[in-house]
Amino acid sequence: MKAMILAAGLGSRMRPLTDHCPKPLLTVADKPLIVHHLERLAAAGITDVVINVSYRAEQIVEALGDGQRFGVSLAFSHERTPLETAGGIRHALPLLGDAPFLLINGDVWCDVALETLPELRNDLAHLILVDNPDHHAEGDFALDDAGRVRLESTPRLTYAGLAILDPALVASLPDDSPAKLAPLLREAIMAGRTGGTHHRGDWVDVGTPERLEALDAHLRGI
């Protein structure tokens, strides 16, 4: 299985830290946030990784190179301007191929065991869901006892920014055009083609300088 890390955003919520550094290269526990992802992917045996880049793209490419020192092989999908989540995936399909792939938001940290995630089978998506954080108390989706993701049910959980996706989910989108992933996921859920896993371990949406600092302290054991 290949993986894609979303790393093309402007990092507006992280300013001023991202004024001169793209968010994926912000340091957590002495290494860039995106390197934590690469090392976890390599440990799970997922070594073909696509990264989409736009804002300060050259800094990311220069910092990561071909990925060999992290145990992976990297390919970069360049976007002239950020294409949003689904648009970025659609633009990267020539690099991802036709098989299901693992999608990771570049601005999360999670200790889920990637090697244990299930196959898609006939689904279009399999979402990793977590307990709702304080800053997103209403959650996103529900998960029933059969492991199916539902839109209108309780209790609700938060999408962790990790998923296994079938390329068919975005293949019909026009290339090089911004598009969000959430509407496509809702369509797949309504069609009964989305499974989910409730991850009860550590997860952080590293969306603000305060959360970045808290994650750094947690990983350092401070």
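Biologist: What makes the contact between Arg-148 and Asp-123 a salt bridge?

Modeller: A salt bridge requires a side-chain nitrogen of Lys or Arg within 4 Å of a carboxyl oxygen of Asp or Glu, and the side chains of Arg-148 and Asp-123 meet at 2.8 Å, N to O, so the pair qualifies. The two residues are 25 apart in the chain, Arg-148 in the loop between strand E9 (141–143) and strand E10 (149–150), Asp-123 in the loop between strand E7 (108–110) and strand E8 (125–130); strands here are DSSP runs of at least two residues, helices of at least four. This is a predicted model, in which local features need pLDDT of at least 70 and side-chain atom pairs count only at pLDDT 80 or more, while totals for chains, interfaces and linings use all residues. Residues are numbered from 1 along each chain as its sequence is written, and side-chain values use heavy atoms, with hydrogens and water left out.

Biologist: How do you know which class Asp-176 and Arg-80 belong to?

Modeller: Asp-176, at 30%, is partly exposed, whereas Arg-80, at 72%, counts as exposed. Their side chains meet in a salt bridge at 2.1 Å, N to O.

How values were computed: Buried < 20%, exposed > 50% of the residue type's maximum accessible area, 1.4 Å probe, protein only.
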